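Me: Please take a close look at one strand in this model. Walk me through its residues and its neighbours.

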Amino acid sequence: MRLTDLEQEMLDGKHGAPRKWAMQQQMRVGRFFDAEDFVEVAQVHLMADAESLGEAGVQFLERVAKAAPEHRRARVPTVTDPRGIDFDAYRRLGQTETMAELERRAIATFRAMDFLLTDTCINYQTIMPPVLGEHLAFGDTGSTIYANSVMGARSNFEGGPAALAAALTGRTPRYGYHLPINRRATQAFILRDRPRDLSEWGALGGVIGRRLQSYWEVPAILGVEGAPTSDELKHFGAALASFGTIALFHMIGVTPEAPDLPAIMSGGGPAPETVGASDIAAFCRSYGGGGDKLDVVVFAAPQLSLMELQTLAGLLDGVEINPQTAMLVATSPEIKAAADRLGLTHRIERAGAIVLKGVCFYQMHAREIGEAMGWKRLMSNSAKLVNIIGGYGYTPSLGSMEACVAAAVAGRVPKDRPA
């Protein structure tokens, strides 16, 4: 790989042991993917909750944080994905002091490295949205696919060590979606029926994601009339990334790199596939459970925007959640502060829900929470969440936000959810 003078100095250890480790790690990644050189990044988004880190991961970060300040501090703005503990609520969820202490230790290392503890997977709706052509090193799949697709920025899925290395060096190997050739569409899908709510936008992402085969595939979606909202694109992209391991999509006439199909897809490719209401309905029915006792409703993965919280508050006004059913609502710390100020948190919690800040449910020791609280049947309007949460011992159901609220009030999954 071609190195600049600064990159060679970091590799030689002239800027401290942490940056030397980071360059060595990035060189291995770059050589594996045949990267010719590095690209400087404007932002880093780091996934490193304590559950995924474990004791060994936190100890590694603590060793990095012991380096001299000039050797350990991030070279570019670095923001964090959701944590695993909301320190105002963790005891109510059966989380232990051991879990909380591991999280505290991880947080201390991030502060020592001058990371911005934004604790959100919707940094593009909360902090600073990327711009067209900007190179990034983003970790969370939902953040990455939104930045790549909706904003036209450039990032691969950067795992925890890769994102940490990018924070320390300010660059990442130039491969994958940093290269224009890899951003061209590989398969077109024609949308016959527009999704009706956020759960159906997520279901659409799940349907398309299941039809794709690898990280390197890029779908182009045709037939979307009128621009979807930021939240609709958020749920679509998060599910597409979750079900298909996809990092980039194009939506013709909507996303910035796709004014028309020829701009992003050469002729002679596979025949377009169609997706319609029947496909979306079948996907939703596969996460059924109608009539089952409902233990918990979770709005998370991705965290909720201020607009989603306003909608939820309106649905919960004047109702009371069944005492046998819990409702958890996750958002970013900044949006939680705004929701507090605007009275949305009070309206939501008055009905019996818990509004959590800076966390996401599947990153919170979800299995242990379920065991401690006796939760099994879970309902959400997030297709991404229902895809993931079965691996933590839950039986998931998917429904609209309205259906989730009705189920939480009744204490049971509705038998006749809209198709």
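Reply:

**A strand inside the sheet**

A326, L328 and A330 point one way from β11, M327, V329 and T331 point the other way, and all are buried. Buried means under 20% relative accessible area, with a 1.4 Å probe and protein chains only. In a regular strand, side chains alternate between the two faces of the sheet.

This is a predicted model, where local features need pLDDT of at least 70, side-chain atom pairs count only at pLDDT 80 or more, and totals for chains, interfaces and linings use all residues. Residues are numbered from 1 along each chain as its sequence is written, and side-chain values use heavy atoms, leaving out hydrogens and water.

Strand β11 covers residues 326-331. Strands here are DSSP runs of E with at least two residues, numbered from the N terminus. Six of the six residues of β11 are buried, so the strand is largely enclosed by the rest of the structure.

Now the neighbours. Strand β10 (residues 296-304) pairs with β11 in the parallel sense over five bridges. Two strands pair if DSSP finds at least two bridges between them. L304 stands opposite T331 in β11. β11 and β12 also run parallel, joined by four bridges. Here L328 stands opposite I354 in β12.

Step back to the sheet. It is open, has five strands and pairs in parallel, in the order β12-β11-β10-β13-β14. β12 (354-357) and β14 (395-398) stand at the edges with a single partner strand each, so one side of each has no neighbour in the sheet. On average, neighbouring strands of this sheet are turned by 25° against each other, direction ignored.

Definitions and conventions:
Buried means under 20% relative accessible area, exposed over 50%, partly exposed in between (1.4 Å probe, protein chains only). Axes are lines fitted to C-alpha atoms, for helices over the stretch in contact, and angles run from 0 to 180 degrees between N-to-C directions.
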